[in-house]
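Hi,

Here is the structure I said I would pass on to you. Please open it alongside this email, and my notes on the strands and helices follow below.

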Amino acid sequence: MYLSKIMISGAVSRNPYEIHRVLWRLFPEDAEAERDFLFRVGQSDRHGAEVLMQSLRKPEKSSDSARILASKEYPLSLQTGQRLRFLLVANPVKMINDEGGRMNAAGEVKKCRVPLVRENDQRAWIERKLEDAASLEVLTIDPVFPLRFRKSGEGRAGKIQQVSFQGVIQVENAEAITVLVHTGIGPAKAFGCGLLSLARV
């Protein structure tokens with residue numbers, strides 16, 4: 001696994017959907033490959049954005065829109081009982097029935113994702129996501145500016161509500177928490193949500 005710092009420049013840096021697309025191009029072409037990276041947007045301004053990316057493959061090809069500033073191997077070795085600081089910017093949501101009563105192909109009412117906005121609900125969400133993997137010792141929850149995006153070739157725009165979770169966890173199942181690091185937590189991973197960063201206390 002690799003951790004890389006990427007600088008995204010130009011108009012691309014203001015659209016998280018486009019950031020995902022240019023990050024994909026940093027890897028050697030492989031028609032059979034599935035997305036095997038997670039990312040989080042850090043500091044940004046009107047000129048560009050700095051991105052932290054975690055990937056199974058090493059990024060190799062900088063472009064005009066995405067420049068690789070640094071990349072290093074990230075050996076992950078976790079132990080049960082270990083205490084770790086963590087940071088996660090995620091999109092905590094719940095599923096509800098479609099208000100308009102629209103049906104899916106199976107004739108059932110469609111389900112829609114809606115953001116969790118109350119802190120108690122957000123805390124319960126992260127506790128469920130970490131269940132059987134780690135226990136929370138310290139937790140700070142902070143709202144983050146919503147992500148606004150527009151898909152190329154489509155007129156509709158979208159919005160994703162982000163929340164920052166950080167604090168201290170104790171590992172209860174090293175294998176389970178390793179899976180969460182590799183796969184990410186929650187939806188909207190293609191928009192920069194879900195990357196779980198860990199560090200020693």
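Two strands are taken as paired when DSSP finds at least two bridges between them. Please keep in mind that this is a predicted model.

Four strands make up an open sheet, in the order β8-β11-β5-β12, with antiparallel pairing. The edges are taken by β8 (134-143) and β12 (196-200); each has a single partner strand, so one side of each is left without a neighbour in the sheet. From one strand to the next, the twist averages 20°.

Two helices pack on this sheet. Helix α2, residues 119-130, touches β5, β8 and β11 (163-171), and its direction makes about 140° with that of β8. Helix α3, residues 174-183, touches β8, β11 and β12; its direction makes about 130° with that of β12.

There is also a hairpin to look at. It is formed by β2 and β3, with two residues between them. Seven bridges join β2 (residues 37-45) to β3 (residues 48-55), and the two strands run antiparallel. Within this pair, Arg40 has Leu52 in β3 as its bridge partner.

Happy browsing, and do write back with any questions.

Best wishes

Notes:
Residues are numbered from 1 along each chain as its sequence is written. This is a predicted model: local features need pLDDT of at least 70, side-chain atom pairs count only at pLDDT 80 or more; totals for chains, interfaces and linings use all residues. Side-chain values use heavy atoms; hydrogens and water are left out. Axes are lines fitted to C-alpha atoms, for helices over the stretch in contact, and angles run from 0 to 180 degrees between N-to-C directions. Contact means heavy atoms within 4.5 Å.
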